[in-house]
Amino acid sequence: MTTHAADPVSALASPPSRIGTRTGAQTRAQRRAKAFRALTLAAALFVLLALAGVFVSLFIGAWPALARFGVPFLWGDTWNPVKDIYGAAAPIYGTLVSSAVAMVIAVPLGLGIAIFLTELCPAALRRPLGTAIELLAGIPSIIYGIWGLFVLAPAMQAWGQPALISTLGALPWIGSLFAGPPYGIGILTAGLILAMMVLPFVASLSRDIFATVPPVLREAAYGIGMTRWEVNRHIVIPHVRSALVGGLMLALGRALGETMAVTFVIGNAHRISGSILQPGTSISAAIANEFNEATTPLYTSSLIALGFVLFLITFLVLAAAQVMLRRVSRRQGA
């Protein structure tokens, strides 16, 4: 019986049809990859173009006011439509102070809620409480404004502000922040409304961020005798610090740009007061209240200039957040 040895070259070689099929499949895959890359690049460029378009349109609309008043427009405290004299100091002050009040109240409460839900809350209550907090974020801002005007403002006028004036108003260093008659509406009331609106974002984002901490880190910390406070203070928060800063900056951006709820309760007065109990205004509230009433081109341009300033403030906040994140990343890397 005769046997023929197999040709090693012919055994390894593939038929021409298979080679052509494989080459065609690779070509189609490369085309799909190139098309996918082009689509994602187009989406990213669209965002940049939209941002540049907003910047250019706001700058063009604000140019008459900026050319008339110059840089002093930023710190001018006069807003007189009759004489066509405008300054952005009062709206900028109200925007920054009301947002600061909101963050001072919402950040500790939001972090406490997140820590409770991830560390201390019973399993039966964790989902209902989490859902209730997320539902707060879905309430329209105008509902917060109406509630603030008809419920919170009268309560602040009757009990809240008189109590603050009689207690904190008598202190030597911070007493001026709580001086004046109790109007009910004002920068503090606007800050409380903003805190209620920002709180669900802070709590939800913080809870999701804390959930990303590996359980082994907590178990190791508890194993060496750390308390819950020490675990969260020295293990959990430092581990997610960069993501936490990013989430808080998103909440601050929401507070800076809020319009309707603030318009109802801030008082809409173009003035700067050393007391947070007194009426004031914000950039978004001033634009919402007066844009339809702008009767002169300079008046309209001044309102657009306020929007341009708010755009720049938001950009600076995001830039500061990026700088903070880079510093935190460098420290963690070191």
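Me: What is a salt bridge here, and how many does the count come to?

Reply: A salt bridge is a side-chain nitrogen of Lys or Arg within 4 Å of a carboxyl oxygen of Asp or Glu. Side chains of opposite charge can pair when their charged atoms come close. By this rule the count comes to 5 salt bridges. This is a predicted model: local features need pLDDT of at least 70, side-chain atom pairs count only at pLDDT 80 or more, and totals for chains, interfaces and linings use all residues. Residues are numbered from 1 along each chain as its sequence is written, and side-chain values use heavy atoms, with hydrogens and water left out.

Me: Which residue forms a salt bridge with E119?

Reply: R228 does, and the closest N and O atoms are 4.0 Å apart. The pair links distant parts of the chain, 109 residues apart. R228 is in helix α8 (residues 228-239), and E119 is in helix α3 (residues 89-120). Helices here are DSSP runs of H or I with at least four residues, numbered from the N terminus.

Me: Which residues are linked with R228 in a network of salt bridges?

Reply: E119 and R218 join R228 in that network.

Me: How do I read burial, and is E119 buried or exposed?

Reply: The areas come from the Shrake-Rupley method. E119 is buried, because its relative accessible area is 13%. R228 has 41%, so R228 is partly exposed.

Me: What does E134 pair with?

Reply: E134 forms a salt bridge with R207. Their closest N and O atoms are 2.6 Å apart. E134 lies in helix α4 (residues 123-137) and R207 in helix α6 (residues 187-210), so the pair ties together parts that are 73 residues apart in sequence. E134 is partly exposed at 41% relative accessibility. R207 counts as buried, at 18%.

Me: Which other residue forms a salt bridge with R207?

Reply: D208 does, with the closest N and O atoms 3.8 Å apart. D208 counts as partly exposed, because its relative accessibility is 45%.

Me: What is in contact with T189, leaving aside its neighbours within four places in sequence?

Reply: Contact means heavy atoms within 4.5 Å. With those neighbours left aside, T189 is in contact with L152, M156, Q161, G184 and V265. T189 sits in helix α6. Its relative accessible area is 0%, so T189 is buried.

Me: Which residues gather in a patch of positive charge?

Reply: A patch is made of residues with over 30% relative accessible area and no salt bridge, and like charges are joined within 9 Å. Lys and Arg count as positive; His and the chain ends are not counted. The place of a charge is NZ of Lys or CZ of Arg. Here R28, R31, R32 and K34 gather on the surface. R28 lies in helix α2 (residues 16-69). R28 is partly exposed, with a relative accessible area of 47%.

Me: What is phi of D84 near?

Reply: Most residues other than glycine have a negative phi. Phi of D84 is near 55°, a positive value in a residue other than glycine. D84 is found in the loop between α2 and α3. D84 is buried, with a relative accessible area of 18%.

Me: Where does N268 lie?

Reply: N268 lies in the loop between α10 (260-265) and α11 (283-290). N268 is not a glycine, yet has a positive phi of about 55°. Its relative accessible area is 33%, so N268 is partly exposed.

Definitions and conventions: Patches are made of residues with over 30% relative accessible area and no salt bridge: like charges are joined within 9 Å, nonpolar side chains (Val, Leu, Ile, Met, Phe, Trp, Tyr) within 5 Å. Accessible areas come from the Shrake-Rupley method with a 1.4 Å probe; for residues, only the protein chains shown count as cover. Helices (H or I, at least four residues) and strands (E, at least two) are DSSP runs, numbered from the N terminus. Buried means under 20% relative accessible area, exposed over 50%, partly exposed in between (1.4 Å probe, protein chains only).
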